[in-house]
Amino acid sequence: MNRDNMMSWSQEIKRNVMLYPSERVVSFLAKNFGDIEGNAKKNALDVGFGSGRHLKTLLEYGFRTYGIDYSPECLKIATHNLSNYPNLLELRNLEWSEYKSGVKMDVIICYGVSFYKIKSSMIEDLQHAYNALNSKGKMLINFRNKENWFYGLGKEIEKDSFLLDDRAGTYQNILYTFLDLQDAQKMLEETGFIIENIEREDYYKNNLKEKHSWWIFTVRKD
């Protein structure tokens with residue numbers, strides 16, 4: 001992750017401490033991990049936990065919960081907000097590619113973070129996620145697609161990866177990669193994941209001028 005991405009992410013977290021989880025994350029957990037008592041024996045990891053909104057959801061679902069984020073500001077905020085949960089076992093300030101643990105995960109949430117890298121680095125992260133999961137473990141992950149309003153608004157570092165410029169507003173100086181559905185499927189399958197479910201989310205902001213769009217995958221390790 002480049003330094004500009006890290007600084008922009010930290011500033012965004014400070015401006016907007018998000019309190020409530022994504023509906024898609026809640027739906028994923030409710031569908032696949034509704035046994036709260038059984039979850040007490042399972043390990044969950046939130047990759048790029050931000051202000052901690054999905055960490056909190058994992059904790060309330062009973063998981064032995066871990067989290068990583070490359071922003072020191074995020075670590076400070078999440079630690080302050082969630083320190084009273086006894087099942088919060090570890091929060092670490094590092095890159096996903098640097099994460100090493102003897103604990104295998106039953107759940108990984110990688111929501112809103114995978115697309116801040118070029119494709120080769122995204123594939124490395126997916127391989128890392130696959131290795132971190134237990135057999136039958138599941139991951140929820142999303143990718144930005146090419147219908148996002150700021151697609152192409154910057155210097156193209158490689159195909160479909162852009163270092164965004166001032167035309168992208170608050171996204172300026174952030175590297176984004178945008179994927180077709182087929183590209184996203186191929187990356188996941190070639191990494192070894194079994195795709196269980198694919199969804200899409202679209203919404204508009206700024207008086208309908210800005211479209212945001214994602215592919216959302218539930219995958220598992222056999």
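Q: How is a pair of aromatic rings described, and how many aromatic pairs does a search of the whole structure find?
A: A pair of aromatic rings is described by two quantities, the distance of the centres and the angle of the planes. In this predicted model, a search of the whole structure finds 19 aromatic pairs. One of them joins Phe 143 and Phe 217, whose ring centres are 5.8 Å apart and whose planes stand at 75°, so the pair is edge-to-face.

Q: Which parts of the chain does the pair of Phe 143 and Phe 217 tie together?
A: Phe 143 belongs to strand S5 (residues 133–144) and Phe 217 to strand S10 (residues 210–220), so the pair ties together parts that are 74 residues apart in sequence.

Q: Are Phe 143 and Phe 217 buried or exposed?
A: Phe 143 is buried, at a relative accessible area of 1%, and Phe 217 is buried as well, at 0%. Another aromatic pair is that of Tyr 171 and Tyr 176, which is edge-to-face with 6.0 Å centre to centre and 75° between the planes. Here Tyr 171 has a relative accessible area of 16% and is buried, because the cut-off for that word is under 20%, while Tyr 176 counts as buried at 2%.

Q: Which residues do ring pairs link into a cluster?
A: The cluster linked by ring pairs consists of Phe 115, Tyr 116, Trp 149, Phe 150, Tyr 151, Phe 162, Tyr 171, Tyr 176 and Phe 178. A ring can also have a charge over it, as with Tyr 130, where the charged end of Lys 221 sits over the ring at 4.8 Å from its centre.

Q: Which residues of helix H7 are buried, and where do they fall when seen down the axis?
A: In helix H7, which spans residues 181–191, the residues Ala 184, Met 187, Leu 188 and Thr 191 are buried. Seen down the axis of H7, the buried residues fall within an arc of 90°, so they line one face of the helix. On the other side of H7, Gln 182 and Glu 190 are exposed.

Q: What covers the buried residues of H7, and what follows the helix?
A: The cover over the buried residues of H7 includes helix H6 (119–132), S5, strand S9 (194–205) and S10. In its placement, H7 lies across S5, S9 and S10 and runs at about 30° to S10. After H7 comes Gly 192, whose phi is positive, near 115°.

Q: How do strands of a sheet pair, and what is the order of the seven strands here?
A: Strands of a sheet pair through backbone hydrogen bonds, in either a parallel or an antiparallel sense. In this model seven strands form an open sheet with mixed pairing, in the order S3-S2-S1-S4-S5-S10-S9. Strand S3 (88–93) and S9 stand at the edges with a single partner strand each, so one side of each is left without a neighbour in the sheet. On average, and with direction ignored, neighbouring strands of this sheet are turned by 15° against each other.

Q: In which sense do S1 and S4 pair, and what is the bridge partner of Ala 44 in S4?
A: Strand S1 (residues 43–47) and strand S4 (residues 105–110) pair in the parallel sense, over three bridges. The bridge partner of Ala 44 in S4 is Val 107.

Definitions and conventions:
Residues numbered from 1 in each chain as written. Predicted model: local features only at pLDDT ≥ 70, side-chain atom pairs only at ≥ 80, totals over all residues. Heavy atoms only, no water. Phe/Tyr/Trp six-rings, centres within 6.5 Å; stacked < 30°, edge-to-face > 60°. Helix = DSSP H or I, 4+ residues; strand = E, 2+ residues; numbered from the N terminus. Buried < 20%, exposed > 50% of the residue type's maximum accessible area, 1.4 Å probe, protein only. Lys NZ or Arg CZ within 6 Å of the ring centre and 35° of its normal. Arc of directions from axis to C-beta. Contact = heavy atoms within 4.5 Å. Pairing = 2+ DSSP bridges. Axes fitted to C-alpha atoms, helices over the stretch in contact; angles between N-to-C directions.
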